[in-house]
Amino acid sequence: MNRTTGKFIFRNFIKMILLLFAVSIAAFALMTASPIDPLKANVGQTALGSMSQEQIAKLEEYWGVGKPPVQRYLAWFRDFVKGDMGVSLLYRQKVTTVIAVKLGNSLFLMVIAWILSGVTGFLLGALAGMKHGKPIDKVIKGYCLLISSTPAFWIAMLLLMIFGVWLKILPIGLSVPIGVEASGVTFLDRVRHAILPAVTLSITGISNIAMHTREKMIDICDSDYVLFARARGESTWEIFRNHGFRNVLGPAMTLQFASISEIFGGSVLVEQVFSYPGLGQAAVSAGLGSDLPLLMAITIISAIFVFGGNLIANILYGVIDPRIRRGGVVR
Amino acid sequence: MKEAATFPEKRLDVYTEKNFAENEEGYRKKKWNRRKTIIVLLIVAIGFLAAVCIGGFFCKEAAQVTDFSRKNLPPCLSYPFGTDWLGRDMFARTVRGLSISIIIGVCAATFSAVMAFILGVVSATMGKTADAVVTWFIDLVMGIPHMLLLILICVACGRGLKGVILGVALTHWTSLARLIRGEVLQLKEQIYIKTAKKLGKSNLYIAMKHMVPHLLPQFIVGLVLLFPHAILHESSITFLGFGLSNEQPAIGIILSEAMKYLVTGKWWLALFPGIMLILTVVCFFTTGENLRMLLDPASVHE
Amino acid sequence: MEKEKILEINHMRISFCQYQKGMRQTELQVIRDLNVTVHAGEMVAIVGSSGSGKSLLAHGILGILPYNAFMKGEIQYCGETLTEKRIRKLRGKEIVLVPQSTSYLDPLMKVGQQICKGKKNPEKKRKLNRIFEQYSLDQKVQEQYPFELSGGMTRRIMISTALIETPKLVIADEPTPGLDPRLARRAMEHFRQLADMGAAVLMITHDLELALDTADRIQVFYAGYTIEDAIAEDFLKEETLRHPYTRALWRAMPKNGFHYIDGVQPYTRDMKPGCPFAPRCEKCTDRCREKEVPWRSSGNGYVRCVYDT
């Protein structure tokens with residue numbers, strides 16, 4: 001680590017803050033531009049009709065109808081900087097509380113899926129790249145094409161049908177058994193309920209990393225230094241150990257950190273199918289129910305994760321590659 | 001081979017192991033080469049997609065007909081995909097739904113690709129400020145997970161067709177714009193373009209004569225490869241309930257309805273529409289990839 | 001020369017399979033008829049202009065041609081046919097390649113590790129230390145990455161990859177481009193040393209003058225053919241050279257007057273039957289244009305020309 005690296009991280013950090021600020025403005029603008037009347041959506045037309053004017057006025061204030069958007073944004077921003085993200089209109093709880101619970105559930109899911117898909121995808125991609133053109137490569141490529149053509153929610157439904165409905169070995173939904181008190185939920189229960197969503201997310205995540213690792217590996221295998229290694233009598237395994245692994249690891253890790261956004265997107269769909277009470281499901285209900293504070297918070301949180309992932313990816317690249325680490329100029 | 005005949009008689013083949021001999025035989029006789037396979041694949045894929053689109057046009061009525069005398073039928077000869085709880089023919093619904101999804105996807109992707117092209121070119125040619133602004137927007141859009149941004153845009157448009165098209169279009173342009181930007185930047189540095197400039201050729205001439213032939217294949221491939229992503233996202237957002245209304249049987253709607261009946265064991269409601277959706281997307285992917293292979297000059301060695 | 005014959009190549013052909021316009025596949029012949037013999041302790045230089053496919057010869061011997069390339073002909077190594085199975089065992093041990101540029105070194109692997117192929121063998125390590133001493137390379141260099149090396153250092157490192165083994169045949173592929181004359185000469189001397197130590201050295205280069213300084217025999221490569229095989233002394237006078245092209249080369253050398261002949265080497269795709277040099281040759285007759293010209297012995301060398309000169 002030297003001064004250039006420090007400067008690099010600092011600059012990226014500032015950029016991240018500015019981008020987060022822009023994200024919050026964009027999200028807020030989109031939410032307020034919505035023609036959907038939150039009162040009608042959440043209270044219902046008939047219920048509104050039977051209410052008195054004062055009640056409606058009170059509700060309007062609760063849902064934030066009527067105040068100019070700029071003023072509302074500034075108020076939101078002032079509170080946000082203080083660490084107060086407002087009150088979720090749907091859950092009638094502080095947003096921070098809601099997020100804490102949901103994020104915990106989601107992270108449990110996403111971290112497992114992220115690691116699982118990263119490792120399997122890397123290995124499959126490396127294998128396919130080393131065996132370019134051979135049957136095993138075609139199988140892996142075909143699998144990746146199939147998976148990237150399949151919507152995540154449909155894989156979720158398929159697994160639900162097979163394991164939940166047909167074989168009845170795994171629970172159908174929710175993160176905890178129904179009717180059991182919170183204290184009675186064991187860790188094992190949580191794991192059992194997270195298996196299917198996590199597996200679904202992993203399956204969908206594999207194709208991206210595997211395809212990229214494969215491409216990189218093919219490039220590496222076409223390189224002069226691998227040609228020379230072959231001329232020196234290194235076996236395929238030695239080539240992988242000496243050159244392939246070394247050169248493909250950096251790009252693969254960078255990609256996996258930069259693809260956090262996709263796992264977030266996938267989790268929205270998967271959590272919806274499995275009724276898993278995580279961040280993604282909360283985002284859907286917040287969107288459908290015009291719960292502005294909650295959706296804002298979820299957007300910001302996910303953006304933090306995405307930008308953070310990108311930042312780590314950038315830094316990692318410098319740590320892994322000696323050309324940058326040793327202060328040399330990148331060719 | 002003319003000169004082969006004039007070789008001295010003593011001519012041993014060194015690499016006599018069978019793989020080498022086969023290769024030599026193989027490639028001379030191979031009339032049926034890789035490029036022909038690619039073209040056949042292309043025709044099959046485009047044929048399938050065209051069939052679905054045309055079929056969807058004719059299935060419009062059939063997809064809506066309810067008939068309680070035939071409800072909840074598992075797949076059989078007259079109803080290959082079965083029927084649902086209202087007695088609607090799932091095959092007709094699937095084809096209709098797919099055609100709607102394909103049309104929406106293609107519209108959104110085209111919109112997105114045109115946007116990517118314009119922004120990419122602007123960012124590469126209009127100076128530093130324009131470049132910084134476009135790159136900033138790319139970073140911004142990439143910073144919010146696609147699904148979340150889609151939800152936000154759909155909410156902003158009040159859910160419905162407009163929201164879906166706009167949402168998909170606004171979330172998908174970033175990578176293609178980056179590609180175009182990089183490509184134009186690289187082209188600008190090419191010696192033949194610099195020479196053309198020195199020779200006093202007009203910017204329009206250079207753009208038409210040297211840039212467009214280079215960018216067009218890239219753009220077309222990028223556009224075709226956007227279709228599958230657009231369709232996938234369209235079906236996902238509709239599945240979540242942000243897209244089209246229940247009266248229009250888009251593929252996402254069909255699948256989200258099917259999910260409610262999943263637990264009761266009506267597997268065919270979800271299985272067949274899903275498989276058809278995957279087939280459609282695979283067709284688009286292979287079309288794009290194969291086009292890329294045909295248009296890529298580096299593939300002469302394959 | 002009664003030394004052991006290490007490598008003998010007869011009628012080697014290498015061709016590529018390519019797509020032309022549309023869907024037609026064609027065969028592109030890069031090496032058409034190549035004949036080389038190298039003895040133990042001898043240094044043979046194959047001289048041809050840049051980009052004429054000489055590198056493929058090295059790749060062909062080592063069995064590392066790209067998958068769309070095909071090779072025919074006969075390769076004998078130490079009196080036995082060199083099959084694909086045999087070269088797999090020999091390459092990197094008895095037969096070694098010294099590559100042409102830094103791109104042949106893994107950018108992310110330390111130099112020392114790379115020379116030892118990632119193995120931690122104490123004996124190899126000691127040998128490596130000795131080689132480094134011999135080439136006056138700092139032992140610290142072992143811990144450096146290829147991007148940190150200078151041009152001359154890279155050159156020595158690449159020769160070290162050959163020396164760490166005990167090679168009988170060293171194939172050097174364009175070992176001098178990008179080096180200034182002094183360094184290039186030094187690099188050639190390293191190869192001369194290898195030959196003096198008893199190895200057979202096959203040097204592929206485009207630099208005739210440099211080759212004449214150090215090599216025992218020169219082979220001239222033109223448009224996919226070897227057209228002349230001559231000992232270095234033959235190059236002292238124009239008269240002792242056999243082929244018109246070699247003579248043209250000789251006249252083009254700075255010390256012999258810098259005379260160039262017109263024309264360029266024909267591109268492989270538009271080659272006509274007959275002698276490849278025919279379009280540029282002053283002695284060319286119908287015989288040269290009609291039929292393939294055979295490779296025949298002439299004095300203490302070989303030539304591919306119908307005329308005795």
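Trainee: What makes a residue of chain A buried, and how many of the 331 residues count as such?
Mentor: Buried residues make up 42% of the 331 residues in chain A. A residue is buried if 20 or more other C-beta atoms, placed from the backbone, lie within 10 Å of its own; 12 or fewer makes it exposed, and anything in between partly exposed. Bear in mind that this is a predicted model, in which local features need pLDDT of at least 70 and side-chain atom pairs count only at pLDDT 80 or more, while totals for chains, interfaces and linings use all residues. Residues are numbered from 1 along each chain as its sequence is written, with chains lettered from A and ligands numbered from 1 in the order in which they are written.

Trainee: What are the helices and strands of chain A based on, and how many are there?
Mentor: They are DSSP runs, H or I over at least four residues for helices and E over at least two for strands, numbered from the N terminus. Chain A has 15 helices and two strands.

Trainee: Why are α12(A) and α13(A) called roughly perpendicular?
Mentor: Their axes come within 7 Å and cross at roughly 85°. Axes are lines fitted to C-alpha atoms, for helices over the stretch in contact, and angles run from 0 to 180 degrees between N-to-C directions. Under 35 degrees counts as roughly parallel, over 145 as roughly antiparallel, 65 to 115 as roughly perpendicular and the rest as oblique. The pair is therefore roughly perpendicular.

Trainee: Which residues of α12(A) and α13(A) meet?
Mentor: Ser267(A), Val268(A), Glu271(A) and Gln272(A) from α12(A) meet Gly280(A), Gln281(A), Ala283(A) and Val284(A) from α13(A). Being in contact requires C-beta atoms, placed from the backbone, within 7 Å.

Trainee: How many residues join chain A to chain B?
Mentor: In chain A 38 residues are in contact with 36 residues of chain B. The largest share of chain A's side, eight residues, comes from α1(A).

Trainee: What classes do the residues on that side of chain A fall into?
Mentor: There are 29 nonpolar, nine polar and no charged residues. Ala, Val, Leu, Ile, Met, Phe, Trp, Tyr, Cys and Pro count as nonpolar, Asp, Glu, Lys and Arg as charged, and the others, Gly among them, as polar.

Trainee: And what about the side of chain A that touches chain C?
Mentor: That contact takes 18 residues from chain A and 20 residues from chain C. The residues on chain A's side divide into five nonpolar, five polar and eight charged.

Methods:
Contact = placed C-beta atoms within 7 Å.
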